[in-house]
Amino acid sequence: MDQKLQELWGEVMEEKKQCKGCGGALPFLIGFVAAVIAGWVLFPNLLYSKKVQPVRFSHKVHQEQGMECASCHTFRDDGSYAGLPNNEKCMECHADVVGSDPAEKIYVEQYAQKGKEVPWLVYQYQPDNVYFSHKAHESFECKECHLEVGKMDTPPVYYENRLSGYSKQTMKMWQCERCHAENGVSNACHVCHK
Amino acid sequence: MKAKEFKVTWGMVVDLDKCTGCGACMTACQVENNIAPMVDASNKMRTLSWMLVYELSNKKSGAEAEVAYLPRPCMQCGNPACVPVCPVIATDKNEEGGIVSQIYPRCIGCRYCMAACPYHARYFNWEDPVFPKGMEKALSPSTSTRPRGVVEKCNFCHTRFMQAKDKARQEGGNPESLPDGAYMPACAEICPTGAISFGDVKNKEHKVFELAQGKDAFRLLEKLGLNPQVYYVSKREWVRKLGDNYAATGKPGAAKKHS
């Protein structure tokens, strides 16, 4: 019995020695790099579709005219947030083409004069079950949560999660919770959810 | 477990002598909270009615027969039975104002809370909501719609609370101390006879402060010690007795306690 076991053991060790060529650092490294590329580059590219804004709106140009964020993104009288301006607001200046930028021409001719609202993509839209009060966060600067579009001539690319349909750039729950915790604000569910 | 104390305690006082049982509160609630109309609502095990009007009877016949109607929202108990049984903290009583929250995406549909709630104020979504064609465009942005498999309940139209706070901030008021009437759930707002009053039961400037302490005020099943934030008022003794569910045994209700 003992002898048989020893023979078997010998065979196993023999096979192990023969197999040495298939293990080692190089195949591991190749596999590791492939996995990293797949996980960090290929999958995110597959997961998010890229979209561009229907009109190349330049926040920079508007800010250079001395306009503030709140000049167009306003609160209503009841404290709710109007968010994006509509044609009525834009047409206060852009009822006709006033500049030389081709993007403005597109806006005026294809949207404003046809009475059609621009289907802007909103980087920060939250799911339905979130109640976010801009009024309660008024003391913060816009750019602390939003992309700093004020310095951008071209709006950033919008990444849409193909599975959930939500924007990649929107604020995540852990970010909301961390800021609330750091500032001593309640993190009770109903503070943000509806 | 010690119940959490809140500076502001939103409460409802329903005058059962004023309630005509018209059901406007139920309708307003369904519209405000995006509750889809059911194809067949005859199966009451499956209907969703965050606000439900019950008919009470003094069980007498002839000239002595009397009925009363009792609207039943979630009681937002001070010491809720549903919260400690939730295995995933989908329901909690943690926010200033004392409204018991229910977070639908977190709910796993185990329905322990429904079994725990003695008021039957919680409802389970047996099916996905189906809105008649065109109605989905008229949904209220105040409440998220719920999928099949989660529990839901009245939350005193919580979004209206948030909106009232935003309005107070806009007008330079104090969002932590709203004036009487600034925050009103849909049922209280629509009640045609004014039977439903709403406010902070701890704030002397609110109408409900006094109403909740009146001699004819009572709460449902006070003997259980859940400390509901919904009060009822009736001058009729048989109605008050029914509130404690002692009617069947003939024994009087438990001693009245107020928070």
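Let's start with one residue, B:Ser144, which sits in the loop between strand S6 (122–124) and strand S7 (151–153) of chain B. Before I go on, please keep in mind that this is a predicted model. Is B:Ser144 buried or exposed? It counts as buried, because 21 C-beta neighbours lie inside 10 Å, and the cut-off for buried is 20 or more. Which residues does B:Ser144 touch, leaving aside its neighbours within four places in sequence? The contacts are A:Asp128, A:Asn129 and A:Lys194 from chain A, together with B:Tyr104 from chain B. There is also a distance I'd like you to have: B:Ser144 and B:Asn174 are 30 residues apart in sequence, and their C-alpha atoms are 27 Å apart in space.

That brings us to the contact between the chains. Chain B puts in 20 residues and chain A puts in 18 residues. On the side of chain B that touches chain A, helix H4(B) gives the most, with eight residues.

How many of its 13 residues are buried? Ten of them are, and the helix is mostly covered. Among the buried ones are B:His158, B:Arg160, B:Phe161 and B:Met162, and also B:Lys165, B:Asp166 and B:Lys167. And what do the buried residues of H4(B) pack against? The partner is helix H8 (189–192) of chain A. Just after H4(B) you will find B:Gly172, with a positive phi of about 80°.

After H1(B) comes B:Asn34, whose phi is positive, near 50°.

While we are on backbone angles, most residues other than glycine have a negative phi. Two loop residues of chain B deserve a look with that in mind. B:Ile89 is not a glycine, yet its phi is positive, about 50°. You'll find B:Ile89 in the loop between helix H2 (82–85) and strand S4 (91–92) of chain B. B:Ile89 counts as exposed, because it has 12 C-beta neighbours inside 10 Å. B:Arg111 also has a positive phi, near 65°. Its place is the loop between strand S5 (101–102) and helix H3 (112–116) of chain B. With 15 other C-beta atoms within 10 Å, B:Arg111 is partly exposed.

Next, the sheet. Chain B has an open sheet of four strands in the order S8-S1-S10-S9, with mixed pairing. Its edge strands are S8 (196–200) and S9 (217–218), each pairing on one side only. S1 (residues 10–15) and S10 (residues 230–233) of chain B pair in the parallel sense over four bridges. If you want one bridge to find on screen, B:Val13 has B:Tyr231 as its partner in S10(B).

Chain B has seven helices and ten strands, while chain A has eight helices and two strands. What radius of gyration would a compact globule of 259 residues have? It would be near 18 Å, and chain B, with 18 Å, agrees. For chain A, a compact globule of 194 residues would come out near 16 Å, but the chain has 28 Å. As for burial, 41% of the 259 residues of chain B count as buried, against 7% of the 194 residues of chain A. Thanks, everyone!

Note on methods: Residues numbered from 1 in each chain as written. Chains lettered and ligands numbered in written order. Predicted model: local features only at pLDDT ≥ 70, side-chain atom pairs only at ≥ 80, totals over all residues. Contact = placed C-beta atoms within 7 Å. Rg over C-alpha atoms; globule rule 2.2 N^0.38 Å. Pairing = 2+ DSSP bridges.
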